[in-house]
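Q: I have a model open and want to learn how to read it. Can we go through some features one at a time?

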Amino acid sequence: MTKLRIPVPTLGALAGAALTLGAIAPAGAAPLHHDIDLTLDPAAGRIEAVDRLTLSAGMQSLRLDPALTLEEARAGDKPVAVDRRGDRLVLTVPEGSGSVTLRYGGRLPGFTAGTGLALDGEGAFLPGLGGWLPDPILASEEPPTWRLSVRVPAPYVAVATGRLVEEGRDAAGYRAVFEESRSVEEPSVFAGPWTVEERMAGDLRLRLYRHPEQTGLADGYLGLSEQAIAAGSARIGAYPFDGFSIVSVPPPVGLGFPGLTAIGRAVLPLPFIRSQSLTHEIMHNWWGNGVRVGEGGNWAEGLTTYMADYAAAQARGADAARAMRLDWLRDYAALPAERDRPLTAFLSKTHDASQIVGYGKAAMLFHMLEAESGHDVFDAGIRRFWSEHAFQTAGWSDLRHAFETASGRDLGGLFSQWVERRGAPMLTLVDARADGDGVRLTLRQEADAPYALSVPVRLETAAGVEEHGVQFDSRQATLRIASKAEVRAVAVDPDFDLFRRLAPGEAPPILRDVTLRPGADRVIAADGEAAEAARMLTGRLIDGSGRESGGRESSGQHSSGGAAPLLLVGTDVAVARELEARGLPPVPAELAGRGSARVWMSRAADGRTALVVSGADAEALRALVRPLPHYGRQSWLVFEGAKAVDRGVWAVGDSPLRRVVGR
């Protein structure tokens, strides 16, 4: 799975203790290699393994999940003493031994664990750094090479990352051999009662490992995989693996691994998974798996988002691309200043706040870079970055160097202000007036220090629309733009091409305006079973602690001193009473009486923002616990059970960055 190999604490259960600090490998140490014979019995929840490790002579410390029993350790034909304490194995490798053989096994938890090691009747999920494979504790280790032979009984099938070398079935079940001879990452292994559907695209092996009810999905998934791999190869460089597999797994996840993606069984049939998530995970085979993320921030998520998600939006047309950029800026507008971070601090998505920076802001950086340098130069930089760093670790500075080489420009200022600084400027169009054969406009930017900006300006003239760009690097400046005809109106960054804080009035309220604020007041307007369901839902919606009330109370305060936003959740009649008592408008007419539950953003007369969730009963509220947190960019939704049957964003008025010009 895409991960960081830097000496910091892990952020997710799947990463295990992969980044635990330990002894540094000695200079000239032999490359680590695993040769593994693995037998899985999902029905019994058991794993049996023999791992022949190539290790350097001397004291070695390995990690192995404490649920697994070490049965034997030897170097050649001689036993090796092992000091085991919890998940730590300490042993001394004799000089000249070449390899150490470890035999171990035991029971592992089932898929009810949700993440990490999982082995039960549903199948197996063994992520590479999950603890099932003896993992040397080295602070500066390159990923190992490996060969894996895995066997499972019928009716199960197994798949692993790496190149499929051979496979076969016999009376005892299924066996396959996988290998990776490059420095990519440890093997991840999956097993399930799947039907395997395959398509060859030249030398590439494309597969869907599906459950019985997923008949008919193969053509769509494998066809899009072939297209996405071909498009990425043409733009970046040759696809770095021997194939790509889509694997249906019980947990509701979407995870990317080298040459493989694991997708939750329940969500695999959903159209947006194929149209959005699949291409994103394929692009990760270049960014994150092909070129690994080093210290100084995770650039791979932003570049993958830009070259997969945003490229797909561009293919749908200019309006779709503009809408995606506006989504990123709306998300950022909802992010409280105290939760903002520079890109150098982003490691992985742990909550919505981190995704807004690490995905959206980073993708906007690449959009601005391509807009300034041009498509051909941008792609030349991308190809250089890939050719110089494939199967190595790279950081933001390496990206900068590749783009500087391709463009012949010093990009230090651009990368410094967008990668190393937190925050973003807010633009104000102070004044705009006709000036002879052009227009004179005054711009101001609000920021802790001025940014150097290339600001798009659209002139609406008597002869049509003219697109211009102005350089703006001070707090306020008056700039003149010449035009070919009489100017009638001016719009500053009308297509949202700059990463910036949206001006008041540019964006409607969305759910994230409340859900990103841990200090929001929470009001439960329900009793009994419905109140419990409402509390569960509020806990899922808001990340962090907040004040809860069952009735009317005085407003809380933001850390900045303003009124804290309100999250009001409950049953229809009780919610209606609370809205009236708190001076909030009733349910909007276009939502009233629809569905089993309604969700909308509202604003009190004093300007306080509120997110209201009104359900018919406890069952209606419980149905929202899983889906509703995924709709943070919406202003309103109507649900029938767990399905959003209608949704939208409130309309906004004229942009404050557009001005009609008078003479």
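Q: Which residues in helix 3 meet which residues in helix 4?
A: Bear in mind that this is a predicted model. From helix 3 come Thr 305, Asp 309, Tyr 310, Ala 313, Gln 314 and Arg 316. On the helix 4 side they meet Ala 320, Ala 321, Met 324, Arg 325 and Trp 328. By class, this contact has six nonpolar, two polar and three charged residues.

Q: How do the axes of helix 3 and helix 4 cross?
A: Two packed helices are described by the angle between their axes and by the distance between those axes. Here helix 3 spans residues 300–316 and helix 4 spans residues 318–334. Their axes come within 6 Å and cross at roughly 135 degrees. That makes helix 3 oblique to helix 4, because angles count as roughly antiparallel only when over 145 degrees.

Q: Where is His 367, and is His 367 buried or exposed?
A: His 367 lies in helix 5, residues 352–373. Its relative accessible area is 9%. The cut-off for buried is under 20%, so His 367 is buried.

Q: Which residues is His 367 in contact with, leaving aside neighbours within four places in sequence?
A: They are Tyr 306, Tyr 310, Arg 325 and Asp 497.

Q: Now the sheets. In what order do the five strands of the open sheet run?
A: Strands of a sheet pair through backbone hydrogen bonds, either parallel or antiparallel. In this sheet the order is 17-18-19-21-20, and the pairing is mixed. Strand 17 (195–201) and strand 20 (254–257) stand at the edges. Each has a single partner strand, so one side of each has no neighbour in the sheet. From one strand to the next, the twist averages 15 degrees.

Q: How many bridges join strand 20 to strand 21?
A: Four, and the two strands run antiparallel. Strand 21 covers residues 260–264.

Q: What is the order in the open sheet of four strands?
A: Read it as 6-7-3-11, with antiparallel pairing. Strand 6 (82–85) and strand 11 (135–136) are at the edges. Each has a single partner strand, so one side of each is left without a neighbour in the sheet.

Q: Which residue in strand 7 is the bridge partner of Asp 83?
A: Val 90. Strand 7 spans residues 88–93, and four bridges join strand 6 to strand 7. These two strands run antiparallel.

Key: Residues numbered from 1 in each chain as written. Predicted model: local features only at pLDDT ≥ 70, side-chain atom pairs only at ≥ 80, totals over all residues. Heavy atoms only, no water. Pairing = 2+ DSSP bridges. Axes fitted to C-alpha atoms, helices over the stretch in contact; angles between N-to-C directions. Buried < 20%, exposed > 50% of the residue type's maximum accessible area, 1.4 Å probe, protein only. Contact = heavy atoms within 4.5 Å. Parallel < 35°, antiparallel > 145°, perpendicular 65-115°, else oblique. Nonpolar A, V, L, I, M, F, W, Y, C, P; charged D, E, K, R; others polar.
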